[in-house]
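Here's a quick briefing to read with the model open in your viewer.

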Amino acid sequence: DWNTWFALYESFMLDYARLAEELNIELLCIGTELHTPVTEKPDKWIGLIKKVREVYSGELTYAANWSNEVEHVAFWNELDFIGVQAYFPIANRRNPNLAHLERGWKKHIEYLENQSNTYNKPVLFTEIGYKSTPNAGIKPWEWDSVSDHLYRRVSKRTQALAYEAFFNTIWNQSWFAGAHLWQWQSRGTRDGNDNTFTLEGKPALNVVAKGFGTLDN
């Protein structure tokens, strides 16, 4: 029952839009990886965007899955950014070097630039992140499991190099607007001796700090 679904979703999203306006939030994401409703009911999303803009004066995006959704979103023209959950595969082997990871971005750069040119919109990475594992660049979208924590090896170097490759290849592209990083845990202090997505206590944090530091130049 799409009418019921969208009525409930609209109520939910407008609450956040009003809150974002009250708190002077600069950017609001209206949804994340909702492939079926996005592809089947684009007109509903256009109507929702119109209502959100009536109560919220900041910029808007939608977070589309990198693998099967970006090119199927029919309402990018109504938004300020093309939002991408950027878990693109950038390696085909474990423990890759930096050059390998940078080459892995090549075809994705062409794809993202084409999307930006098609809609005349900048691309925003609504999520990008890497686990501290040897195979982090192969399937970056894979979530942590109990077995991962217990049996998968730690590779802080691979995580750091994956972020370095991102800054070296994507960060200064003219069509690129910025990125939200996944992730930083809020449940206490982490020492970095794990193989999860978190940056805390790991060399990748220094890479990220250096990359974001270039914004001042």
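This is a predicted model: local features need pLDDT of at least 70, side-chain atom pairs count only at pLDDT 80 or more; totals for chains, interfaces and linings use all residues.

Most peptide bonds are trans, and most residues other than glycine have a negative phi.

- Is glutamine 183 buried or exposed? Its relative accessible area is 10%, which is under the 20% cut-off, so glutamine 183 counts as buried.
- Leaving out residues up to four places away in sequence, glutamine 183 touches Trp143, Phe197, Thr198 and Leu199.

**Positive phi without glycine**
- Asparagine 24 isn't a glycine, yet has a positive phi of about 60 degrees.
- You'll find asparagine 24 in the loop between H1 and strand E1 (27-32), and with 66% relative accessibility it counts as exposed.
- Asparagine 95 is another non-glycine with a positive phi, this one about 50 degrees.
- The loop between E3 and helix H4 (98-104) is where asparagine 95 sits; its relative accessibility is 45%, so it counts as partly exposed.

**Aromatic rings**
- How many aromatic pairs turn up in a search of the whole structure? The search finds 30.
- A pair of aromatic rings is described by the distance of the centres and the angle of the planes.
- Take tryptophan 45 and phenylalanine 75: their rings are 5.7 Å apart centre to centre, with 15 degrees between the planes, and the pair is stacked.
- Tryptophan 45 belongs to helix H3, while phenylalanine 75 is in the loop between strand E2 (59-65) and strand E3 (82-85), so the pair ties together parts that are 30 residues apart in sequence.
- Both partners are tucked away: tryptophan 45 is buried at 0% relative accessibility, and phenylalanine 75 is buried with a relative accessible area of 0%.
- There's also an aromatic cluster, made up of Trp66, Phe88, Trp105, Phe125, Trp141, Phe166, Phe167, Trp171, Trp175, Phe176 and Phe212.

**H1 against H3**
- Helix H1 (residues 2-22) and helix H3 (residues 42-55) have axes that come within 9 Å and cross at roughly 25 degrees.
- That angle is under 35 degrees, so H1 counts as roughly parallel to H3.
- As for handedness, the H1 and H3 crossing is right-handed.
- From H1, the contact draws on Asn3, Trp5, Phe6, Tyr9, Glu10, Met13, Leu14, Ala17, Arg18 and Glu21. From H3 come Lys44, Trp45, Leu48, Lys51, Val52 and Val55.
- What is the make-up of the residues in this contact? There are 10 nonpolar, one polar and five charged.

**Glutamine 115**
- Helix H5 (residues 106-119) holds glutamine 115, which counts as buried at 11% relative accessibility.
- Not counting residues up to four places away in sequence, glutamine 115 touches Val70, Glu71 and Ile82.
- If you want a distance to check in the viewer, the C-alpha atoms of glutamine 115 and threonine 169 are separated by 17 Å, and the two residues are 54 residues apart along the chain.

Methods
Residues are numbered from 1 along each chain as its sequence is written. Side-chain values use heavy atoms; hydrogens and water are left out. Axes are lines fitted to C-alpha atoms, for helices over the stretch in contact, and angles run from 0 to 180 degrees between N-to-C directions. Helices (H or I, at least four residues) and strands (E, at least two) are DSSP runs, numbered from the N terminus. Angles under 35 degrees count as roughly parallel, over 145 as roughly antiparallel, 65 to 115 as roughly perpendicular and the rest as oblique. A crossing is left-handed if the near helix is turned anticlockwise from the far one by less than a right angle, and right-handed if clockwise. Contact means heavy atoms within 4.5 Å. Ala, Val, Leu, Ile, Met, Phe, Trp, Tyr, Cys and Pro count as nonpolar, Asp, Glu, Lys and Arg as charged, and the others, Gly among them, as polar. Rings of Phe, Tyr and Trp (its six-membered ring) pair if their centres lie within 6.5 Å; planes under 30 degrees apart count as stacked, over 60 as edge-to-face and the rest as tilted. Buried means under 20% relative accessible area, exposed over 50%, partly exposed in between (1.4 Å probe, protein chains only).
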